[in-house]
Amino acid sequence: MFQKMLIGGKLVGKDEKGKRIKVINPATEKTYAHVPKGKVKHINKAVAAAKKAFPKWAATSQAKRQEVVSKIADVISNNAEMLARIMVKEQGKPMPEALGEMAWTEGYLRHYATLSVEGRTIQDDETFKIEMRRVPLGVVAGICPWNFPVLVPFWKIGPALIAGNTVVMKPSPTTPVTLMKILELCNDFVPAGVLNIVSDENDLGEVLTSHPDVAKVSFTGSTETGRKIMASAAGTNKRLTLEMGGNDPAIVMADVDVKETAAKIYAGAFMNAGQVCMAIKRVYVHEKIYDEMCDELTKLAEAAVVGDGLQQGSTIGPIQNKAQYEKVKALIKSADTDGKILCGGVVKGKKGYFIKPVIVRDVKDGDDIVDKEQFGPILPIIKFKDVKKVGLLANASDYGLGASVWSADEKAATKLAATIESGTVWVNQSTNIGPHIPMAGFKASGIGVEQSAEGLEEYTQIQVLNIAH
Ligand code: NAD
């Protein structure tokens with residue numbers, strides 16, 4: 001399979017002759033597709049096309065912009081099966097999760113298609129008329145990671161288009177194909193230049209984030225890259241939304257139903273093989289139920305079916321790429337030294353970056369597996385005694401994306417939840433997100449907000465018209 005880029009309404013990239021990037025299937029370690037190796041000139045052309053398309057798109061009615069976003073949702077829904085198969089081959093997740101990502105993305109787009117950008121009248125009397133408008137910014141650059149190769153890009157594309165901006169996307173080099181295919185399928189109704197995509201080999205991000213004609217960068221990825229983007233965007237004062245890493249704590253009180261809670265925690269930790277920004281990444285369990293909770297989580301992990309996402313029945317696919325696989329393997333090694341591994345580990349004697357879900361007990365704050373974002377199928381369980389101090393442990397992290405508190409006493413859990421330094425804190429649930437719910441990170445997890453009316457506003461600039469009568 002060879003998938004071209006989309007620049008200014010044209011499919012770009014020489015098939016066999018041009019320089020190409022191999023896209024590896026993480027379940028087989030074999031190349032399953034190629035995309036063009038984009039160059040600096042492609043970024044420049046894409047930004048120029050987006051800049052050219054901007055005035056007309058910004059002047060397009062809100063209703064028309066909503067219609068275009070709805071049609072993108074139709075494309076995803078009408079081609080869900082085909083797109084999900086491509087996604088499994090490049091990302092690795094099991095087919096039901098890939099289909100779920102298509103349905104999720106469609107749902108987000110349908111919601112964005114109901115939104116509009118509203119200004120307001122601040123004063124209107126015999127002396128002054130003061131109006132606040134919300135105008136689009138111009139060209140938005142969307143830079144995305146590899147864990148949700150379709151959902152995360154459309155978290156940016158949807159609101160950017162609704163607000164009247166034009167877009168240049170740069171997908172992750174290891175998962176570019178599904179998104180590029182979707183944009184190709186949308187090319188007959190999205191006006192030329194409004195939506196562009198350039199594939200790279202991890203080398204063009206900075207060209208885009210420092211480009212003088214890019215007004216805003218919306219980035220999702222690691223905190224380390226987010227910092228680099230802040231630096232490269234500074235020279236041209238770009239607006240930034242940064243959704244970055246997380247190390248989400250779950251705090252489990254002694255009064256929970258252990259079996260029921262373990263099942264929910266397992267689901268919140270191991271979806272997409274743990275490669276989820278808001279996955280549960282460290283679990284603090286009260287000493288009274290510690291052993292029981294470790295046993296329940298181990299049972300669930302042992303029941304996982306690890307395999308190629310296209311194989312029916314697989315519940316855990318491979319780690320998406322080799323670099324991440326090596327990182328997770330190193331964390332398993334350190335966890336083996338610092339604590340006790342109850343189950344799981346690297347699947348041997350088989351091609352593919354497969355790891356069976358790992359449960360680790362008897363680890364503590366300060367151990368790598370507790371302090372670092374694992375972004376893989378390994379879950380550390382930490383014992384706590386003092387209910388008054390556990391919130392401090394949860395907060396002793398540079399990250400602050402999500403967190404959860406689990407207790408039969410909803411009131412007490414909610415009180416504790418409010419003290420956790422995270423953009424979202426769930427009570428008796430986890431990873432429940434939606435297009436109407438703001439998603440923001442504290443500390444090193446983020447700057448700005450995505451989703452909801454508040455997220456949409458980040459794709460606009462306030463302009464005040466102050467008229468003296
Ligand atoms: P990454 O930071 O390595 O890469 C993300 C994107 O940034 C890729 O497209 C990459 O090519 C690009 N990039 C790399 N260097 C760049 C530079 N100097 N300038 C501009 N762009 C550059 O992240 P990843 O490994 O793809 O994704 C995993 C990380 O993403 C995890 O830390 C995870 O927590 C985070 N993530 C966060 C959220 C969220 O909403 N907060 C969602 C998903 C993933």
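Q: At 39% relative accessibility, what does Lys443 count as?
A: Burial is read from relative accessible area: buried means under 20%, exposed over 50%, and partly exposed in between (1.4 Å probe, protein chains only). Lys443 has 39% relative accessibility, so this residue counts as partly exposed. The model is predicted: local features need pLDDT of at least 70, side-chain atom pairs count only at pLDDT 80 or more, and totals for chains, interfaces and linings use all residues. Residues are numbered from 1 along each chain as its sequence is written, and side-chain values use heavy atoms, with hydrogens and water left out.

Q: Where does Lys443 lie, and what is its phi near?
A: Strands (E, at least two residues) and helices (H or I, at least four) are DSSP runs, numbered from the N terminus. Lys443 lies in strand S21, residues 442-443. Its phi is near 45°, a positive value in a residue other than glycine.

Q: What is the phi of Asn272, and is Asn272 buried or exposed?
A: Asn272 is not a glycine, yet has a positive phi of about 55°. The residue sits in the loop between helix H9 (258-270) and strand S13 (280-286). Its relative accessibility is 2%, so Asn272 counts as buried.

Q: How many aromatic pairs does the structure hold?
A: Rings of Phe, Tyr and Trp (its six-membered ring) pair if their centres lie within 6.5 Å; planes under 30 degrees apart count as stacked, over 60 as edge-to-face and the rest as tilted. The structure holds six such pairs. One of them joins Tyr108 and Tyr112, a tilted pair at 6.2 Å centre to centre with 50° between the planes.

Q: Why are Tyr108 and Tyr112 separated by about one helical turn?
A: Because they are four residues apart in helix H4 (residues 95-112). Both Tyr108 and Tyr112 are buried. Ring pairs link these two tyrosines and Trp155 into a cluster.

Q: Which parts does the pair of Tyr325 and Tyr353 tie together?
A: This pair is tilted, with 5.2 Å centre to centre and 40° between the planes. Tyr325 lies in helix H11 (residues 322-338) and Tyr353 in the loop between strand S14 (340-346) and strand S15 (355-361), so the pair ties together parts 28 residues apart in sequence. Tyr325 is buried, with a relative accessible area of 9%, and Tyr353 counts as buried at 8%.

Q: Is Lys19 buried or exposed?
A: At 62% relative accessibility, Lys19 counts as exposed. Lys19 is found in the loop between strand S2 (10-12) and strand S3 (20-25).
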